[in-house]
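Biologist: Could you take one part of this model and walk me through it closely, giving the cut-offs behind each term as you go?

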Amino acid sequence: MAVPVLGESFTVASGVGLLCIVAGGVVLQISRSTSDEGDDLLVAEFARLEARDLLVPVAAMLTLGASFVLVAIGLDGYADPLIGTAVGQTAALAAFVALFGVSSDVRSRVRIRDRTALGAFTLAGVFVAANWLAWFSALQSGTVITVVPLSNVYPLVIVGISYAMVRQVPRSPWLLGGITVIIAGATLMQLG
């Protein structure tokens, strides 16, 4: 969307980088069926996935991608990422309030009595706000084509944290290969 709507350029390096990121994701998916590393944390997690488990994440990816194009359009008209983030967060909050207002089922399920869960959700919200501000700031100085793929290698951070929490080192060559290809792709996207 960024190329036709914003007129951004898509270089050969950007294209190869994007293909590497997609290929890395495919390799991670393949690792679930070709690895003998049954006790590897992520390989075991991938083994439990079914094709339908990807429907909501793909919809989220498409929605997020469109939102970045809208952010870039907004920053072209008003170049303050803090205000842009505040407006975006306020709109998101209004959407959630509307959802809660029209759905008694949703309202009845929102009661959080567990203090740990409430604290984790609150802290996650603060992190999301900081993330949005960082993304908006990056989009102010960069292009959607380079900023979004580079910033979306955060799953690698999740992989690192996941393995650190269980004190395990990834052993699957497919998994390590997929991660390496994703990192190479993100690097090419940034250089392109």
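Modeller: Buried means under 20% relative accessible area, exposed over 50% and partly exposed in between, with a 1.4 Å probe and protein chains only. This is a predicted model, in which local features need pLDDT of at least 70 and side-chain atom pairs count only at pLDDT 80 or more, while totals for chains, interfaces and linings use all residues. Residues are numbered from 1 along each chain as its sequence is written, and side-chain values use heavy atoms, with hydrogens and water left out.

The structure holds two aromatic pairs, where rings of Phe, Tyr and Trp (its six-membered ring) pair if their centres lie within 6.5 Å, and planes under 30 degrees apart count as stacked, over 60 as edge-to-face and the rest as tilted. Phenylalanine 68 and tryptophan 135 form an edge-to-face pair, because their ring centres are 4.5 Å apart and their planes stand at 85°. Since phenylalanine 68 lies in helix H4 and tryptophan 135 in helix H7, this pair ties together parts that are 67 residues apart in sequence. The rings of tryptophan 132 and phenylalanine 136, with centres 6.2 Å apart and planes at 10°, are stacked. Tryptophan 132, at 25% relative accessibility, counts as partly exposed, whereas phenylalanine 136, at 8%, counts as buried.

Methods
Helices (H or I, at least four residues) and strands (E, at least two) are DSSP runs, numbered from the N terminus.
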